[in-house]
Amino acid sequence: DSIAFVTPTTLDSGTYTYFVRASRNGCTGAASAPVQITVQETPSTPVADNNNVSTCLNTPVTLSVKAVAGVQFNWYEAATGGAKLVSNNNTYTTPANLQAGTYNFYVEAVNAGNCTNDSGRTKITLTVDSASTAADITAADMTVCAGDVAVLTPTTATVQSPVFKWY
């Protein structure tokens with residue numbers, strides 16, 4: 001018995017109907033028109049198509065989460081708070097000018113009632129790999145006799161797990 005009624009936080013998703021009566025000096029008036037409260041289910045945590053993505057310098061990449069009907073996705077630069085990078089999209093394309101390094105992007109799910117998934121934002125990690133320069137790659141000169149083969153083996157100390165392409 002008070003002015004306000006607070007619904008319990010344990011209500012399942014669904015529609016609930018409430019009425020209110022006013023009384024004064026022991027006299028109770030008629031019930032109000034029904035008041036409906038709709039409790040929407042919170043959306044599930046976004047599911048990343050790939051949680052760990054790699055790209056090269058000056059190459060944007062599109063990060064994505066599985067699309068869900070009736071759910072929109074917001075992308076951020078931080079696990080909580082932070083600048084919103086994109087709204088209402090299950091994809092985010094990174095800028096092309098990111099320096100070599102590791103970057104974390106975060107995405108949350110929001111339904112039509114503006115309910116956000118309650119288990120935190122999904123983290124997607126992007127690694128921007130540096131490109132090698134001519135000075136990063138070494139290969140020794142060789143001399144062979146006609147009919148013999150030369151096996152050229154390049155090395156690099158600056159590029160991790162390189163794939164070499166000869167031309």
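Modeller: Gladly; please keep in mind that this is a predicted model. A search of the whole structure finds three aromatic pairs, and one of them is formed by Tyr92 and Phe105, whose ring centres are 5.4 Å apart with 50 degrees between the planes.

Colleague: What makes Tyr92 and Phe105 an aromatic pair, and why is the pair called tilted?

Modeller: Ring centres have to lie within 6.5 Å, and the value here is 5.4 Å, so the two rings count as a pair.

Colleague: How do you know that the charged end of Arg121 sits over the ring of Tyr76?

Modeller: The charged end of Arg121 is 3.4 Å from the centre of the Tyr76 ring, where the limit on distance is 6 Å. There is also a limit of 35 degrees from the ring normal, and the label "over the ring" is given to Arg121 and Tyr76.

Colleague: Why is Ser64 called buried?

Modeller: Buried means under 20% relative accessible area, and Ser64, which is found in strand E6 (residues 62-64), has 18%, so it counts as buried. Beyond its neighbours within four places in sequence, Ser64 is in contact with several residues, including Asp49, Trp75 and Ile124.

Colleague: What makes the approach of the Ser64 and Asp49 side chains a polar contact?

Modeller: The two side chains come to 2.4 Å, and because the cut-off for a pair of N or O atoms is 3.5 Å, the term applies to Ser64 and Asp49. Their C-alpha atoms are separated by 5.7 Å, although the residues are 15 apart along the chain.

Colleague: And why does Asn74 count as buried?

Modeller: Asn74, which has its place in strand E7, has 7% relative accessibility, and with the cut-off at 20% it therefore counts as buried. The side chain of Asn74 reaches the backbone nitrogen of Asn88 at 3.2 Å, and among the residues that Asn74 touches, leaving out those up to four places away in sequence, are Lys84, Tyr106 and Val110.

Note on methods. Residues numbered from 1 in each chain as written. Predicted model: local features only at pLDDT ≥ 70, side-chain atom pairs only at ≥ 80, totals over all residues. Heavy atoms only, no water. Helix = DSSP H or I, 4+ residues; strand = E, 2+ residues; numbered from the N terminus. Buried < 20%, exposed > 50% of the residue type's maximum accessible area, 1.4 Å probe, protein only. Contact = heavy atoms within 4.5 Å. Polar contact = N/O pair within 3.5 Å; in protein donor to acceptor, adjacent residues only side chain to side chain. Phe/Tyr/Trp six-rings, centres within 6.5 Å; stacked < 30°, edge-to-face > 60°.
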